[in-house]
Amino acid sequence: MPSKLGPLARELSRPYYVDAFPAHDIYHAKRVRDVALQLADQHPKSVDRDVLAAAAWLHDIGRPLERVGEIEEHGEWAATEATTLLEPEDVATDRIRAIEHCLRAHSIRASSPEPETIEAKLLFDADKLDAAGAVGLVRLACIVGERSGRTGEQYAVIDDASTLDVDSPELPDIDLVREWTRERLVALYTDPGQRLGESRWDFMQNFFDQFAHEINAERGT
(Lines give C-alpha, C1' and ligand atoms only; values in the text may rest on other atoms or scores of the structure.)
Protein backbone atom coordinates (compact mmCIF):
# COMPACT_ATOMS: atom_id res chain seq x y z
CA MET A 1 0.00 0.00 0.00
CA PRO A 2 1.23 3.53 -0.73
CA SER A 3 2.20 5.54 2.34
CA LYS A 4 -0.19 8.19 3.61
CA LEU A 5 2.57 10.32 5.14
CA GLY A 6 3.12 12.57 2.13
CA PRO A 7 -0.58 13.28 1.50
CA LEU A 8 -1.09 13.74 5.25
CA ALA A 9 1.66 16.36 5.40
CA ARG A 10 0.21 18.10 2.35
CA GLU A 11 -3.20 18.47 3.99
CA LEU A 12 -1.73 19.50 7.34
CA SER A 13 0.42 22.16 5.66
CA ARG A 14 -2.35 23.80 3.62
CA PRO A 15 -3.64 26.27 6.26
CA TYR A 16 -0.13 27.57 6.89
CA TYR A 17 0.30 28.67 3.29
CA VAL A 18 -2.93 30.67 3.04
CA ASP A 19 -1.12 33.96 3.74
CA ALA A 20 2.07 33.04 1.88
CA PHE A 21 3.54 35.26 -0.82
CA PRO A 22 4.10 33.62 -4.23
CA ALA A 23 7.79 32.83 -3.76
CA HIS A 24 7.12 30.59 -0.74
CA ASP A 25 3.55 29.37 -1.20
CA ILE A 26 2.16 25.85 -1.39
CA TYR A 27 2.96 25.70 -5.11
CA HIS A 28 6.61 26.22 -4.21
CA ALA A 29 6.28 23.39 -1.69
CA LYS A 30 4.79 21.12 -4.38
CA ARG A 31 7.60 21.91 -6.83
CA VAL A 32 10.16 21.16 -4.13
CA ARG A 33 8.39 17.87 -3.39
CA ASP A 34 8.35 16.91 -7.07
CA VAL A 35 12.02 17.77 -7.67
CA ALA A 36 13.11 16.12 -4.42
CA LEU A 37 11.48 12.85 -5.46
CA GLN A 38 12.98 13.18 -8.93
CA LEU A 39 16.43 13.54 -7.39
CA ALA A 40 15.71 10.59 -5.08
CA ASP A 41 15.04 8.41 -8.14
CA GLN A 42 18.56 9.21 -9.37
CA HIS A 43 20.34 8.81 -6.03
CA PRO A 44 22.42 5.62 -5.68
CA LYS A 45 21.44 5.07 -2.05
CA SER A 46 18.10 4.18 -0.53
CA VAL A 47 15.89 7.17 0.24
CA ASP A 48 12.87 7.35 2.54
CA ARG A 49 10.61 8.99 -0.01
CA ASP A 50 7.77 9.40 2.47
CA VAL A 51 9.90 11.40 4.90
CA LEU A 52 11.25 13.44 1.99
CA ALA A 53 7.80 14.21 0.58
CA ALA A 54 6.39 15.14 3.99
CA ALA A 55 9.34 17.43 4.73
CA ALA A 56 8.92 19.16 1.38
CA TRP A 57 5.28 19.99 2.09
CA LEU A 58 6.12 21.28 5.57
CA HIS A 59 9.43 23.06 5.02
CA ASP A 60 8.09 26.61 4.53
CA ILE A 61 4.99 26.59 6.74
CA GLY A 62 6.63 29.21 8.96
CA ARG A 63 7.45 31.65 6.16
CA PRO A 64 4.31 33.81 6.52
CA LEU A 65 4.96 34.22 10.26
CA GLU A 66 8.65 34.96 9.71
CA ARG A 67 7.75 37.60 7.11
CA VAL A 68 5.70 39.60 9.59
CA GLY A 69 8.19 39.17 12.43
CA GLU A 70 6.20 36.76 14.61
CA ILE A 71 8.98 34.15 14.52
CA GLU A 72 12.71 34.46 13.92
CA GLU A 73 13.65 31.34 11.97
CA HIS A 74 11.07 29.49 9.93
CA GLY A 75 13.01 26.22 9.66
CA GLU A 76 13.42 25.75 13.39
CA TRP A 77 9.82 26.79 13.98
CA ALA A 78 8.55 24.40 11.29
CA ALA A 79 10.39 21.49 12.90
CA THR A 80 8.66 22.10 16.23
CA GLU A 81 5.29 22.70 14.59
CA ALA A 82 5.62 19.56 12.48
CA THR A 83 6.02 17.49 15.64
CA THR A 84 2.86 19.05 17.06
CA LEU A 85 1.01 18.20 13.86
CA LEU A 86 2.29 14.69 13.28
CA GLU A 87 2.31 13.16 16.78
CA PRO A 88 -1.53 13.07 17.06
CA GLU A 89 -1.59 11.32 13.67
CA ASP A 90 0.35 8.36 15.10
CA VAL A 91 3.35 8.93 12.85
CA ALA A 92 6.32 6.90 14.09
CA THR A 93 8.70 8.85 16.31
CA ASP A 94 11.76 8.04 14.19
CA ARG A 95 10.06 9.42 11.10
CA ILE A 96 9.03 12.60 12.90
CA ARG A 97 12.64 13.07 14.03
CA ALA A 98 13.82 12.53 10.45
CA ILE A 99 11.36 15.16 9.17
CA GLU A 100 12.39 17.56 11.92
CA HIS A 101 16.03 17.34 10.85
CA CYS A 102 15.10 18.00 7.23
CA LEU A 103 13.19 21.12 8.21
CA ARG A 104 15.90 22.50 10.47
CA ALA A 105 18.60 21.94 7.85
CA HIS A 106 16.84 23.08 4.67
CA SER A 107 17.86 26.74 4.80
CA ILE A 108 21.04 28.17 3.29
CA ARG A 109 21.48 30.51 6.25
CA ALA A 110 24.74 30.29 8.17
CA SER A 111 22.77 29.60 11.37
CA SER A 112 21.13 26.48 9.95
CA PRO A 113 22.61 23.07 10.77
CA GLU A 114 24.25 21.01 8.05
CA PRO A 115 21.96 18.36 6.52
CA GLU A 116 23.24 14.99 7.70
CA THR A 117 20.80 12.53 6.13
CA ILE A 118 20.18 11.77 2.47
CA GLU A 119 16.62 13.05 2.84
CA ALA A 120 17.79 16.34 4.34
CA LYS A 121 20.36 16.83 1.58
CA LEU A 122 17.80 16.10 -1.13
CA LEU A 123 15.32 18.52 0.40
CA PHE A 124 18.00 21.21 0.62
CA ASP A 125 18.94 20.68 -3.02
CA ALA A 126 15.36 20.65 -4.29
CA ASP A 127 14.56 23.82 -2.39
CA LYS A 128 17.61 25.62 -3.83
CA LEU A 129 16.91 24.35 -7.33
CA ASP A 130 13.55 26.14 -7.22
CA ALA A 131 15.63 29.34 -7.33
CA ALA A 132 17.17 28.32 -10.66
CA GLY A 133 15.88 27.93 -14.19
CA ALA A 134 12.77 29.62 -15.58
CA VAL A 135 10.73 29.21 -12.39
CA GLY A 136 13.69 30.36 -10.35
CA LEU A 137 13.93 33.62 -12.27
CA VAL A 138 10.29 34.39 -11.54
CA ARG A 139 10.64 33.39 -7.88
CA LEU A 140 13.73 35.49 -7.27
CA ALA A 141 12.11 38.48 -8.95
CA CYS A 142 9.17 37.99 -6.57
CA ILE A 143 11.54 37.89 -3.60
CA VAL A 144 13.25 41.11 -4.70
CA GLY A 145 9.80 42.67 -5.01
CA GLU A 146 8.76 41.45 -1.58
CA ARG A 147 11.81 43.04 0.01
CA SER A 148 11.64 46.23 -2.00
CA GLY A 149 10.55 49.43 -0.29
CA ARG A 150 10.47 48.11 3.24
CA THR A 151 10.58 50.66 6.01
CA GLY A 152 13.82 52.58 5.77
CA GLU A 153 14.82 50.97 2.48
CA GLN A 154 14.69 52.18 -1.10
CA TYR A 155 12.73 50.46 -3.80
CA ALA A 156 14.60 47.89 -5.85
CA VAL A 157 15.10 48.12 -9.59
CA ILE A 158 15.17 45.20 -12.00
CA ASP A 159 17.86 46.62 -14.24
CA ASP A 160 21.61 47.06 -14.46
CA ALA A 161 22.70 50.17 -12.57
CA SER A 162 25.85 50.42 -14.65
CA THR A 163 23.77 51.56 -17.64
CA LEU A 164 23.21 54.94 -15.96
CA ASP A 165 25.64 57.76 -16.65
CA VAL A 166 25.15 59.28 -13.21
CA ASP A 167 25.95 58.03 -9.76
CA SER A 168 23.16 55.87 -8.44
CA PRO A 169 22.53 54.33 -5.04
CA GLU A 170 23.27 50.66 -4.65
CA LEU A 171 19.91 49.02 -5.22
CA PRO A 172 19.07 45.37 -5.77
CA ASP A 173 19.11 44.69 -9.51
CA ILE A 174 19.54 41.82 -11.95
CA ASP A 175 23.02 41.12 -10.58
CA LEU A 176 21.45 40.24 -7.22
CA VAL A 177 19.30 37.58 -8.90
CA ARG A 178 22.40 36.15 -10.57
CA GLU A 179 24.35 36.12 -7.29
CA TRP A 180 21.52 34.52 -5.31
CA THR A 181 21.16 31.75 -7.87
CA ARG A 182 24.85 30.97 -8.09
CA GLU A 183 25.20 30.97 -4.31
CA ARG A 184 22.49 28.34 -4.06
CA LEU A 185 23.76 26.14 -6.87
CA VAL A 186 27.30 26.10 -5.47
CA ALA A 187 25.89 24.88 -2.13
CA LEU A 188 24.11 21.80 -3.53
CA TYR A 189 24.99 18.49 -1.84
CA THR A 190 24.00 15.67 -4.18
CA ASP A 191 25.25 14.64 -7.61
CA PRO A 192 21.73 14.56 -9.11
CA GLY A 193 21.07 18.02 -7.70
CA GLN A 194 24.30 19.40 -9.10
CA ARG A 195 23.56 18.00 -12.57
CA LEU A 196 20.12 19.55 -12.62
CA GLY A 197 21.54 22.77 -11.22
CA GLU A 198 24.06 23.10 -14.05
CA SER A 199 21.32 22.53 -16.61
CA ARG A 200 19.18 25.26 -15.07
CA TRP A 201 22.17 27.58 -14.76
CA ASP A 202 22.86 27.21 -18.50
CA PHE A 203 19.31 28.39 -19.20
CA MET A 204 19.73 31.34 -16.85
CA GLN A 205 23.00 32.36 -18.47
CA ASN A 206 21.18 32.62 -21.79
CA PHE A 207 18.53 34.73 -20.09
CA PHE A 208 21.11 37.07 -18.55
CA ASP A 209 22.80 37.47 -21.94
CA GLN A 210 19.47 38.34 -23.56
CA PHE A 211 18.62 40.71 -20.70
CA ALA A 212 21.92 42.54 -21.13
CA HIS A 213 21.35 42.77 -24.88
CA GLU A 214 17.90 44.29 -24.44
CA ILE A 215 18.78 46.90 -21.83
CA ASN A 216 21.91 47.93 -23.75
CA ALA A 217 20.23 48.02 -27.16
CA GLU A 218 19.89 51.81 -27.15
CA ARG A 219 22.73 52.68 -24.82
CA GLY A 220 24.61 55.73 -25.91
CA THR A 221 21.79 57.15 -28.03
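**Exercise 1.** Determine which helices the buried residues of α8 pack against.

Solution. The model is predicted: local features need pLDDT of at least 70, side-chain atom pairs count only at pLDDT 80 or more, and totals for chains, interfaces and linings use all residues. Residues are numbered from 1 along each chain as its sequence is written, and side-chain values use heavy atoms, with hydrogens and water left out. Helices are DSSP runs (H or I, at least four residues), numbered from the N terminus. Taking buried as under 20% relative accessible area (1.4 Å probe, protein chains only), the buried set in α8 is Gly133, Gly136, Leu137, Arg139, Leu140, Ile143 and Val144. With contact meaning heavy atoms within 4.5 Å, these buried residues pack against α2 (26-42), α7 (118-129), α9 (174-186) and α10 (191-215).

**Exercise 2.** Describe the packing of α5 and α6.

Solution. Axes are lines fitted to C-alpha atoms over the stretch in contact, and angles run from 0 to 180 degrees between N-to-C directions. For α5 (residues 74-86) and α6, the angle is about 160° and the axes lie 7 Å apart. Therefore α5 is roughly antiparallel to α6 (an angle over 145 degrees). The contact residues divide into seven nonpolar (Ala, Val, Leu, Ile, Met, Phe, Trp, Tyr, Cys and Pro), three polar (the others, Gly among them) and four charged (Asp, Glu, Lys and Arg).

**Exercise 3.** Locate Arg95 and list its contacts.

Solution. Arg95 is found in helix α6 (residues 93-104). Not counting residues up to four places away in sequence, Arg95 touches Ser3, Leu5, Asp48, Asp50 and Val51. The C-alpha atoms of Arg95 and Val51 are separated by 6.5 Å, although the two residues are 44 residues apart along the chain.

How values were computed:
Helices (H or I, at least four residues) and strands (E, at least two) are DSSP runs, numbered from the N terminus. Angles under 35 degrees count as roughly parallel, over 145 as roughly antiparallel, 65 to 115 as roughly perpendicular and the rest as oblique. Buried means under 20% relative accessible area, exposed over 50%, partly exposed in between (1.4 Å probe, protein chains only).
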